[in-house]
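Here is a short briefing on side-chain contacts. Have the model open as you read.

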Amino acid sequence: MDKDLFVLLLIVVIRGCAPLLILRWQFAGGLLCILADTSDSILQDALGAEPLAGHYHLVDKSFDIYYLAFECGVALWRWTDPLARGAAAALFTLRAAGVVFFELTGFRGTFLFAPNVFENFYLFVAGMRSVDPGFRIPSWRWLVVTIVAVGAPKLLQEYVMHYRESATWHFVKENILLWR
């Protein structure tokens with residue numbers, strides 16, 4: 001089998017199946033989806049293949065929205081906290097709209113205005129619910145503080161990745177893991 005086809009099939013299987021774990025394990029499934037998200041770059045580098053060349057962003061963002069939709073579905077249908085549900089829906093919608101706008105315009109700065117704060121917010125709430133199933137966000141003020149706290153690191157990551165166009169995986173690989 002051709003190496004590029006093999007890597008493409010691995011990416012599709014990993015990224016396509018990982019979100020199913022969210023339905024069983026809200027928090028752990030979300031964390032595993034982040035690992036699956038990085039798997040495409042790692043697999044391509046490790047195996048010396050580029051099956052997504054020229055289409056990487058479209059494929060990556062499509063799979064991102066796919067797994068984030070699973071997380072949003074869990075938030076809407078399983079969380080009982082109306083503040084958390086509403087915030088999750090709004091943050092997911094902002095991100096999805098940003099991805100569509102980016103794909104239509106190619107404007108990388110879009111991600112500074114539509115950062116993936118949803119993912120961090122979802123993981124925070126799902127993580128808290130895994131410790132305390134009755135967890136609720138107690139007030140609007142608490143909600144705003146939470147969104148700012150979980151959103152700041154994501155905004156920085158979006159700036160580095162999309163505005164400065166510095167690939168996170170390549171930075172970690174070359175500067176932290178010293179894998180050249």
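Is aspartate 64 buried or exposed? Aspartate 64 is buried, with a relative accessible area of 9%. Buried means under 20% relative accessible area, exposed over 50%, and partly exposed in between (1.4 Å probe, protein chains only).

This is a predicted model: local features need pLDDT of at least 70, side-chain atom pairs count only at pLDDT 80 or more, and totals for chains, interfaces and linings use all residues. Residues are numbered from 1 along each chain as its sequence is written, and side-chain values use heavy atoms, with hydrogens and water left out.

**Salt bridges**

- The count comes to eight salt bridges, each a side-chain nitrogen of Lys or Arg within 4 Å of a carboxyl oxygen of Asp or Glu.
- Arginine 15 meets aspartate 37 in a salt bridge, at 3.2 Å from N to O.
- Arginine 15 lies in helix H1 (residues 3-17) and aspartate 37 in helix H3 (residues 26-47), so the pair ties together parts that are 22 residues apart in sequence. Helices (H or I, at least four residues) are DSSP runs, numbered from the N terminus.
- Arginine 15 also forms a salt bridge with aspartate 64, with the closest N and O atoms 2.5 Å apart.
- That pair links distant parts of the chain: helix H1 holds arginine 15, helix H4 holds aspartate 64, and they are 49 residues apart.
- Arginine 15 is buried, at 3% relative accessible area.
- Aspartate 60 and lysine 61 form a salt bridge, with the closest N and O atoms 3.8 Å apart.
- Aspartate 60 is buried at 7% relative accessibility, and lysine 61 is buried at 4%.
- A network of salt bridges links Arg15, Asp37, Asp40, Asp60, Lys61 and Asp64.

**Charge over a ring**

- Lysine 61 also has its charged end over the ring of phenylalanine 111, 5.2 Å from the ring centre. The rule asks for NZ of Lys or CZ of Arg within 6 Å of the ring centre and within 35 degrees of the ring normal.

**Aromatic pairs**

- The whole structure holds nine aromatic pairs. Rings of Phe, Tyr and Trp (its six-membered ring) pair if their centres lie within 6.5 Å; planes under 30 degrees apart count as stacked, over 60 as edge-to-face and the rest as tilted.
- Phenylalanine 63 and tyrosine 66 have ring centres 6.5 Å apart and planes at 75°, so the pair is edge-to-face.
- Both sit in helix H4 (residues 56-78), three residues apart, which is about one helical turn.
- Phenylalanine 63 is buried at 16% relative accessibility, whereas tyrosine 66 is partly exposed at 33%.
- Ring pairs also link Trp79, Phe92, Phe118 and Tyr122 into a cluster.

Definitions and conventions. Helix = DSSP H or I, 4+ residues; strand = E, 2+ residues; numbered from the N terminus.
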